[in-house]
There are 2 protein chains.
Amino acid sequence: MDEILPEQRRAKIVEWLQEEQSLTIDQLARHFEVSAMTIHRDLDLLVKEGRARKVRGGAMPAADALPAPGSDQSQCAMCGKRVPRRTTWVVTGENGEQQQACCPHCGFLMHSHATGQQSTLAADFLYGQMVNAHQATFVVGSEVTLCCVPGVLCFASRSDAERFQRGFGGKLLDFAGAMVAMTTAHHGH
Amino acid sequence: MDEILPEQRRAKIVEWLQEEQSLTIDQLARHFEVSAMTIHRDLDLLVKEGRARKVRGGAMPAADALPAPGSDQSQCAMCGKRVPRRTTWVVTGENGEQQQACCPHCGFLMHSHATGQQSTLAADFLYGQMVNAHQATFVVGSEVTLCCVPGVLCFASRSDAERFQRGFGGKLLDFAGAMVAMTTAHHGH
DNA sequence: TGTTTATTATCACATTATGACACATTATAT
DNA sequence: ATATAATGTGTCATAATGTGATAATAAACA
């Protein structure tokens, strides 16, 4: 670990804190090769900014910090289910706070409650890459139901979505269209 | 169990308390390999912070501890019963606050008290998938009574509901219809 | 009632946090 | 470029907190 900017070190502390449940001052000092005093000062700053919590002997994630996206204990903010990697949906708000949904279905419902500007990333159903949800194509109500019903699958590429739909049915919709479909009451076929 | 931060130990106590309903001082002391005195002090602190309740010989969860949706001990906001995964009902309000019901029966009653916009998710009776309750089909008063009476079962697919009804009776209703059925007084068959 | 068990109080000791200072590094102004 | 200000860093002394052992007190139990 050579030559790292103080602010970068602080960012790494926050990041690492979300993976581990807690870190000792010693662990941090050894890892970044600085004195314990420096870690103390870093943490004081992070606490003042609300990015971490200082406890005797070390630090823990800020009280309002949700488990990091992709970590095993992340829960859907809507239905409480565990978040499968396959269908992850992550929303980052203006203040950097994050929420996750178990699938685009819950993701859209979450979006309908949202206030203010936010970025939304969703996992492409075929390749697992994260894609800006506002630029993605969705297949709603196909025969493939992984999570919630009606199933909503996210595709980074429109042609992938079309080919999928040819085989498994469902409607092809963009973000706005899928949003309407999710929030409108209607009756099963 | 090596080298654990005091605050992390306290957090684990709270967590463990929500899983088990109660723990003795001895259990805790042995598990964390500290003296009973230390556990006493931990609990005093947790009590002062309202995170746990101290009882003679051990500790119990704080009275107001409401478990997260999907956790094993979440309680119905209407009747107080434990929420079975099979019939979970989750409502998210405008401000992001959440309530759960033990089954659609309590769910509809909860809804009748609701103010403002909200999203409602319910578990499909057959597959357990979460479905937007406003898009689901309900079978009311069938011979299958899991939770409250009259029993209300939730189906993501109308045809599933029809097939179920053919076997077990009851009325087929959409959200609005089931809502009326739940909130209208009527007399047994 | 006496006996047992749990809780609290107090002490000595270990660990950790904080403030003051000197010094290095980086930014800003002239 | 050079001086000056602002930050960042490490060491040390001191303060604050956590811990366990033991004794004193309170509560349950027979």
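1. Beyond its neighbours within four places in sequence, Ser22(A) is in contact (heavy atoms within 4.5 Å) with Leu17(A), Gln27(A), Ala59(A), Met60(A), Leu5(B) and Gln8(B). This is a predicted model, in which local features need pLDDT of at least 70 and side-chain atom pairs pLDDT 80 or more, while totals for chains, interfaces and linings use all residues. Residues are numbered from 1 along each chain as its sequence is written, chains are lettered from A in the order written, and side-chain values use heavy atoms, leaving out hydrogens and water.

2. Ser22(A) counts as buried because its relative accessibility is 13% (buried is under 20% relative accessible area, exposed over 50%, partly exposed in between; 1.4 Å probe, protein chains only).

3. Over all chains, the structure holds 16 salt bridges (a side-chain nitrogen of Lys or Arg within 4 Å of a carboxyl oxygen of Asp or Glu). One of them pairs Arg10(B) with Glu7(B), with closest N and O atoms 3.1 Å apart; both residues are buried.

4. Asp44(B) and Lys54(B) form another salt bridge, 2.8 Å from N to O. Asp44(B) is partly exposed at 40% relative accessibility, and Lys54(B) is partly exposed at 34%.

5. Glu49(B) and Arg51(B) also meet in a salt bridge of 2.8 Å, N to O. In chain A, salt bridges with shared partners join Glu7(A), Arg9(A), Arg10(A), Asp42(A), Glu49(A) and Arg51(A) into one network.
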